[in-house]
Amino acid sequence: MTREEKLIQKIKQGDLSAADELIAMYYPEILRYCLWHAPDSSLAEDAVQETFLKALRYFDRYTHRGKFKSFLYRIAANTCIDMQRKYGRPDISLEESAADPYYFEPAFEAVRSDMVLRQLVAGLPENQREIVLLRFGQDLTLRETADVLKLPLRTVQSRLRSALKSLKEELRHEK
Amino acid sequence: MKNEPLKNNSLYKETDLKQELSRTLHQLPYEAGDPHLQATILLAGKEACRMQTRERISFARFLKKQIPLIGWKLWGIQGVFLAAASRVLSDCSGYLISPPRLARLLFCLSVVVFMTALPLLYRSIRCQMQEIEAASRFSSVKLLLAKLIVIGIGDIFLLGGLLFTATAKTALPADIAVIYLCLPFLLACGGCLFMLGHFPPGRFLAGSTLFCFALLFLFSVPLRQSALLFHPSYQEGRIILCVWLSVFCACQLRYIIKTSSYGELQII
């Protein structure tokens with residue numbers, strides 16, 4: 001039994017103090033996910049907080065079948081959608097992060113390479129971009145990505161293939 | 001994972017592109033702050049305390065709690081109606097010896113059976129409780145489902161009582177009497193469920209009452225067009241109609257629960 005499973009079992013048994021460790025475990029990656037989707041960093045922090053509170057609130061509806069990560073990402077995705085509805089969706093995270101001075105420090109070529117790739121990802125159609133972000137930005141498996149997006153596995157696979165193909169095409173043009 | 005960013009010309013290989021995407025997208029434009037994590041844990045602790053003080057009940061228990069609140073009132077009304085309808089059937093058994101007349105009476109009684117539930121379905125609007133119900137732990141849809149189950153239980157007993165009286169006091173065969181009672185009931189039920197899912201609540205009572213009265217008119221006035229509906233030799237047609245209406249009712253119920261904006265419509 002993994003640490004995550006033990007913590008989930010504890011929470012199910014009524015020991016809600018185990019939630020602290022579970023939150024600390026997932027906080028950085030959920031924050032990274034929300035940063036891609038929230039209009040700014042403070043709203044991303046709010047979205048992470050809301051995600052964990054909702055997860056706790058609806059925990060009794062969750063049946064553990066090894067898909068806690070998908071459950072959490074699904075809540076995070078919905079929270080970010082609500083936030084975008086409320087505050088608009090400039091979707092600046094991907095593009096602005098590339099222009100952040102912090103990234104100009106190591107070497108211009110490296111930063112340029114990162115910037116190009118981020119801009120190309122940002123320019124992908126929304127249904128492909130989300131899959132690329134979940135798969136490569138959040139290290140979710142294809143099955144987990146399919147669960148989060150409520151899509152068939154084959155659809156996720158084909159959209160990911162199309163996204164990678166168009167990224168390669170774009171990079172060829174960039175060159 | 002590679003630490004060095006790839007040059008653009010090496011990005012054509014798919015594996016390299018995947019590694020590069022992973023490396024680039026893992027870079028956060030923002031440092032995760034520990035104070036915010038601590039604040040989240042603190043808030044989660046408070047939420048957990050709130051949750052522990054809140055009593056959680058299953059839908060079955062919720063339904064059981066609804067019976068003393070709404071069930072007995074409805075079942076009381078339906079009991080009185082059953083007694084009155086049984087008396088009518090007993091007293092008029094001689095006059096109703098003609099099958100078409102008996103069929104018309106059973107059709108009308110069956111529609112009235114459904115109409116006994118209409119005030120209960122309109123109760124939330126009448127008492128202006130929609131906003132409280134919408135904000136409660138159990139959604140408006142689950143509350144509606146509980147009401148429909150209570151109504152359904154009452155209606156089954158009521159139709160069963162009418163069937164028993166009709167077969168005991170008249171010469172009508174049981175299989176024909178069942179269809180005579182089910183067909184108009186399902187017709188009224190289908191129409192009203194459709195209105196429940198599609199109409200704003202303010203218009204539901206007026207719409208469904210009008211629909212039921214239209215059915216009563218159709219069944220009670222001896223029109224040439226409706227004569228086929230009551231003719232004993234068209235039993236197969238009535239059975240097919242009953243099956244179709246049952247499917248229609250199930251679809252409407254599914255629509256209300258899964259798709260319709262019933263919950264939102266309640267607070268318009």
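Is the crossing of H4(A) and H8(A) left-handed or right-handed?

Colleagues, what we have here is a predicted model. Chain A contains nine helices and zero strands, and its elements, read from the N terminus, run α-α-α-α-α-α-α-α-α. Of the 175 residues in chain A, 40% are buried. Among contacts in this chain between residues at least 6 apart in sequence, 59% join residues at least 24 apart.

Let me now return to the opening question. Helix H4 of chain A covers residues 68-87, and helix H8 of chain A covers residues 142-149. The two pack at an angle of about 40 degrees, with their axes 8 Å apart. That angle is why H4(A) is described as oblique to H8(A). The crossing of the two is right-handed. On the H4(A) side, the contact is made by Lys69(A), Ser70(A), Tyr73(A), Arg74(A) and Ala77(A); H8(A) contributes Glu144(A), Asp147(A) and Val148(A). Sorted by class, this contact has three nonpolar, one polar and four charged residues.

I turn next to the nonpolar cores. The largest has 51 residues, and those touching the most other members are Ile30(A), Cys34(A), Ala47(A), Val48(A), Leu72(A), Ala76(A) and Val132(A). Helix H2 of chain A, residues 18-37, supplies the largest share of this core, with eleven residues. A second, separate core has 49 residues, among them Leu74(B), Leu102(B), Ala166(B) and Ala188(B).

Finally, which residues does Cys34(A) touch, leaving aside those up to four places away in sequence? They are Ala44(A), Ala47(A), Val48(A), Ala76(A) and Cys80(A). Thank you.

Methods: Residues numbered from 1 in each chain as written. Chains lettered and ligands numbered in written order. Predicted model: local features only at pLDDT ≥ 70, side-chain atom pairs only at ≥ 80, totals over all residues. Core = buried A, V, L, I, M, F, W, Y, C linked by C-beta atoms within 7 Å. Buried ≥ 20, exposed ≤ 12 C-beta atoms within 10 Å, placed from the backbone. Helix = DSSP H or I, 4+ residues; strand = E, 2+ residues; numbered from the N terminus. Contact = placed C-beta atoms within 7 Å. Axes fitted to C-alpha atoms, helices over the stretch in contact; angles between N-to-C directions. Parallel < 35°, antiparallel > 145°, perpendicular 65-115°, else oblique. Left-handed = near helix turned anticlockwise from the far one by under 90°. Nonpolar A, V, L, I, M, F, W, Y, C, P; charged D, E, K, R; others polar.
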